[in-house]
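The sequence and the structure are shown below.

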Amino acid sequence: MRVRRRGKIAFFLSLTVLLAAASVAVGFGWIILNWQQDVKVVLGIIFFGAIVTGLVLNTSFLIREIRRNEQHDSFINAVTHELKTPIASIRLYLQTLQRHEVEAPQRQDFYRLMLEDTNRLMNTVDQVLKAGKAGARKGERIDVDFAALVDECVTRARNNYQLQPEALRYESSVNGSGSEVKGDPEELRTAVSNILDNAIKYSPDKVDVSVQLNVEEEKRLVLRVRDCGVGIPPSELKSIFKRFYRVRRRALAQVRGTGLGLFLVRTIAKRHGGRVSARSLGEGSGTTLIFELPRSVS
């Protein structure tokens with residue numbers, strides 16, 4: 001499917017080049033033949049410019065739509081996998097419990113695994129719903145202790161992924177009233193959790209994630225989440241925040257996700273007057289996500 005779409009893109013680009021070349025030849029031929037007639041020359045130049053501009057805009061639109069459709073297909077495939085896998089797992093456990101006598105310890109283990117699969121389903125549904133509401137108007141903002149919120153998210157991530165404290169470390173140079181921001185606690189919790197999830201998921205060999213919260217210029221709280229994972233090519237650092245976008249590498253084919261996590265992070269950052277960015281030296285060099293928010297100063 002991707003090869004077919006790339007073929008279409010190459011076809012449209014080639015067609016644009018050929019049509020633009022033909023337009024240039026016709027336009028210059030017209031100008032040369034009628035160079036002594038000012039009105040015809042002016043009209044020819046205008047007509048020639050309009051044709052070339054139309055070709056370029058039309059082809060750009062077609063290529064953009066092809067890429068957008070490809071992203072949508074990838075998103076649907078990812079969501080389908082994220083929904084189908086835990087459902088199949090839960091069904092298997094339930095069938096086993098229904099057909100066989102299972103001892104109490106193993107039965108408790110089945111219950112635990114089914115709850116984990118249920119949480120995975122809920123997380124996927126929540127991601128999709130939140131992405132659908134990304135353009136909604138922002139609600140009422142309250143004072144939020146951002147340092148405490150990050151600490152809560154770090155603790156939850158450690159528990160969810162069964163990590164030791166040294167694998168996911170958190171340091172904060174500011175606490176209490178000094179770390180307050182005006183915002184929606186649930187949205188901020190979603191943003192921080194998504195950043196942590198990404199850092200952990202894209203550290204397939206060994207999880208080594210550092211989380212730091214600092215005040216910069218007395219006006220901004222800056223959260224830096226650094227991992228030692230697969231890294232990101234410099235050409236893709238801005239694209240990772242687009243809706244449905246996922247880094248295309250065979251080594252990452254088994255990494256679960258819908259391509260909505262960092263899109264939500266960027267949306268929430270903008271909604272709170274902040275910003276998010278990524279830094280990486282390339283593949284295999286790890287990644288640092290920087291999440292900035294305006295600080296509430298009494």
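In this predicted model, helix α4 is followed by Q162, whose phi is positive, near 55°. Q162 lies in the loop between α4 and β2 (168-172). Most residues other than glycine have a negative phi. A positive value also occurs at E217, which is not a glycine; this residue is placed in the loop between β4 (209-216) and β5 (220-227). Both residues are set out in the table.

| Residue | Phi | Relative accessibility |
|---|---|---|
| Q162 | near 55° | 66%, exposed |
| E217 | about 60° | 62%, exposed |

Exposure is assigned to values over 50%, so Q162, at 66% relative accessibility, counts as exposed, and E217, at 62%, does as well.

Helix α4 itself covers residues 146-161, 16 residues in total, and reaches 22 Å from its first C-alpha to its last, close to the 22 Å expected at 1.5 Å a residue. At its start, a side-chain oxygen of D145 comes to within 3.3 Å of the backbone nitrogen of A147. The buried residues of α4 are F146, A147, L149, V150, C153, V154, A157 and R158.

How is α4 placed relative to helix α5 (residues 185-201)? The two axes come within 9 Å and cross at roughly 45°, which makes α4 oblique to α5. The crossing is right-handed. On the α4 side the contact includes F146, L149, V150, C153, V154 and A157, and on the α5 side P185, L188, V192, L196 and I200 are among the residues involved. Of the α4 residues in this contact, F146, L149, V150, C153, V154 and A157 are buried.

Terms used. Residues are numbered from 1 along each chain as its sequence is written. This is a predicted model: local features need pLDDT of at least 70, side-chain atom pairs count only at pLDDT 80 or more; totals for chains, interfaces and linings use all residues. Side-chain values use heavy atoms; hydrogens and water are left out. Helices (H or I, at least four residues) and strands (E, at least two) are DSSP runs, numbered from the N terminus. The expected span of a helix is 1.5 Å times one less than its number of residues. Buried means under 20% relative accessible area, exposed over 50%, partly exposed in between (1.4 Å probe, protein chains only). A polar contact is a pair of N or O atoms within 3.5 Å; within protein, one must be able to donate a hydrogen and the other to accept it, and residues adjacent in sequence count only if both atoms are side-chain atoms. Axes are lines fitted to C-alpha atoms, for helices over the stretch in contact, and angles run from 0 to 180 degrees between N-to-C directions. Angles under 35 degrees count as roughly parallel, over 145 as roughly antiparallel, 65 to 115 as roughly perpendicular and the rest as oblique. A crossing is left-handed if the near helix is turned anticlockwise from the far one by less than a right angle, and right-handed if clockwise. Contact means heavy atoms within 4.5 Å.
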